[in-house]
Structure formats: C-alpha cells, structure tokens
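Morning, everyone. Please have the sequence and the model open while I talk. I will keep this quick.

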Amino acid sequence: MPGKDILLLAGDFIEDYEIKVAQDALDAVGHEVHTVCPERESGEKIKTAIHDFRGDQTYMEVRGHDFELSHTFDEIDPADYDAFIVPGGRAPEYLRTYESVLEMTRHFFEADKPVGAICHGPQVLAAAGVLDGREATSYPPVSAELEAVGCSWVDGVVRDGNLLTARNWDDLAEWLAEFLDMLGTTVEHGQPEPAAAD
C-alpha cells in the first residue's frame with residue numbers, strides 16, 4: 001500500500017502528545033505527515049503544551065517542547081493531501097479564527113477525505129460548520145460547543161463516515177488504529193522462522 005500524504009494543523013500550545021505521537025506513528029508505517037501553522041513558515045517552531053489529568057476539576061498544563069513545522073501554511077494546497085488531522089490543546093481556540101483554516105477544513109469534508117480530530121481539535125470543525133448531523137467526541141467540556149452546532153456528542157472514540165474523533169491523548173492508541181484503518185493501512189507481523197533441525 002502506498003503511503004498517504006497527511007496534513008496536520010498545528011499552532012502554539014497544541015497538545016504535545018497528540019501532535020508528536022500521531023506524527024511519529026503515521027510516519028513509522030510509511031505515511032508522510034506535513035505540519036503547518038497559519039502565519040508560520042517551514043522550519044519555524046511552535047511551542048507545545050502537555051495537559052495532564054490529576055484529579056482536579058480540569059487539566060493542568062506544563063510546557064512541552066519546540067516542534068518544527070515541515071511546511072509553510074500559505075504554500076500548501078489541501079487538494080494535494082489525502083487526510084487531515086487537528087490535534088487538541090489550546091491551539092484550536094485561536095486557529096478557528098482564521099478563515100483560511102476553516103476553508104481548509106471544509107475542503108476535506110467536501111472531498112470526503114479522512115479527518116481526525118482530538119480533544120479540543122473539534123472546535124475548529126465546529127467553527128467550520130461541518131459537524132451538523134454528525135456524531136463526534138472531544139474533551140468533555142467542549143461537548144456543548146459541538147452540540148450547539150448540531151452534533152451528537154459521544155463519550156468515546158467515534159467514527160462517523162470520514163470523521164474520526166477522540167476525547168484526549170488517553171484515546172490515542174484506539175484513535176490511531178481507527179485512523180490507520182480509514183487510510184487503508186495494513187500492518188503485518190512476520191511469523192518467526194522455524195528452528196533449524198539438528
């Protein structure tokens with residue numbers, strides 16, 4: 001199976017695990033992930049954040065690492081990509097204010113290409129107006145935003161047509177397995193060679 005070209009939307013204080021784990025896992029099986037951020041160019045870095053759940057009413061945040069963007073936002077064409085990913089963290093709350101981001105998002109839905117969103121990532125989808133009549137999930141406190149645009153919120157990883165959503169980075173293993181399936185990816189494990197007879 002040939003690898004797919006995947007566009008990943010990023011921005012300052014995007015969730016570290018959701019961008020890094022997704023990119024590394026998809027790259028490891030032969031896909032190519034291109035990361036972009038509005039008003040940023042290839043080679044520039046964004047800051048990530050790590051959100052953790054420790055029994056408080058909401059998550060706590062610590063600084064992640066500097067993540068290097070692979071492509072210049074203004075130079076990419078969504079039509080060149082097979083799939084789209086929007087990780088969570090704090091970035092989606094301001095990324096959704098860019099009309100260019102919303103147009104990019106709508107392209108993937110209009111073309112019925114796989115779209116994956118995690119945690120706060122569905123905020124971008126809600127702002128783009130692509131969730132009406134859909135089932136999706138998100139970080140639970142974002143559920144009201146999804147429901148306000150006509151989406152049915154589900155408490156768990158959910159796949160609805162070309163859309164795959166997860167609540168947070170705890171769901172990454174299940175989310176990645178489903179996303180690989182959406183991409184038509186097969187992972188085969190070799191059988192051990194029989195022991196040679198003496």
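Some ground rules. This is a predicted model, where local features need pLDDT of at least 70 and side-chain atom pairs count only at pLDDT 80 or more, while totals for chains, interfaces and linings use all residues. Residues are numbered from 1 along each chain as its sequence is written, and side-chain values use heavy atoms, with hydrogens and water left out.

Let's start with the helix pair. Two packed helices are described by the angle between their axes and the distance between the axes. Our pair is H1, residues 16–28, and H6. H6 covers residues 172–182. Their axes are 11 Å apart and meet at an angle of about 40 degrees. An axis here is a line fitted to C-alpha atoms, for helices over the stretch in contact, and angles run from 0 to 180 degrees between N-to-C directions.

What do we call the arrangement of H1 and H6? Oblique. Angles under 35 degrees count as roughly parallel, over 145 as roughly antiparallel, 65 to 115 as roughly perpendicular, and the rest as oblique. The crossing of H1 and H6 is right-handed.

Which residues make the contact? From H1, we have Tyr17, Glu18, Val21, Ala22, Ala25 and Leu26. From H6, we have Leu172, Trp175, Leu176, Phe179 and Leu180. Contact means heavy atoms within 4.5 Å. By type, the contact of H1 with H6 has 10 nonpolar residues, no polar ones and 1 charged. For that sorting, Ala, Val, Leu, Ile, Met, Phe, Trp, Tyr, Cys and Pro are nonpolar, Asp, Glu, Lys and Arg are charged, and the others, Gly among them, are polar.

Now zoom in on Leu172, in helix H6. Is Leu172 buried or exposed? Leu172 is buried, because its relative accessible area is 7%. The cut-offs are under 20% for buried, over 50% for exposed, and partly exposed in between, using a 1.4 Å probe and protein chains only. Leaving out residues up to four places away in sequence, Leu172 touches Tyr17, Glu18, Val21 and Ile118. Ser152 is 20 residues from Leu172 in sequence, and their C-alpha atoms are 21 Å apart.

Next, Met104 in helix H3. H3 runs over residues 99–110. Met104 has 4% relative accessibility, so it counts as buried. Its contacts are Leu7, Phe73, Ile76, Pro78 and Phe84, again not counting residues up to four places away in sequence. Glu110 also sits in H3. Glu110 is exposed, at 66% relative accessible area. From Glu110 to Val21 is 89 residues in sequence and 27 Å in space, C-alpha to C-alpha.

Two polar contacts now. Such a contact is a pair of N or O atoms within 3.5 Å; within protein, one must be able to donate a hydrogen and the other to accept it, and residues adjacent in sequence count only if both atoms are side-chain atoms. His31 is in the loop between H1 and strand S3, residues 32–36. His31 is buried, at 4%. Which side chain does the side chain of His31 contact? That of Thr185, at 2.7 Å.

The other case is Ser143, in helix H5, residues 143–148. Ser143 is buried too, at 16% relative accessibility. A polar atom of its side chain lies 2.8 Å from the backbone oxygen of Pro140. Ser143 also touches Ser138 and Trp153, not counting residues up to four places away in sequence.

Last topic: the backbone angle phi. Most residues other than glycine have a negative phi. Phe13 has a positive phi, near 65 degrees. Phe13 lies in the loop between strands S1 (5–9) and S2 (14–15). At 25% relative accessibility, Phe13 is partly exposed. Glu39 also has a positive phi near 65 degrees. Glu39 sits in the loop between S3 and strand S4, residues 45–52. Glu39 is exposed, at 63%.

That's my tour. Thanks.

How values were computed: Helix = DSSP H or I, 4+ residues; strand = E, 2+ residues; numbered from the N terminus. Left-handed = near helix turned anticlockwise from the far one by under 90°.
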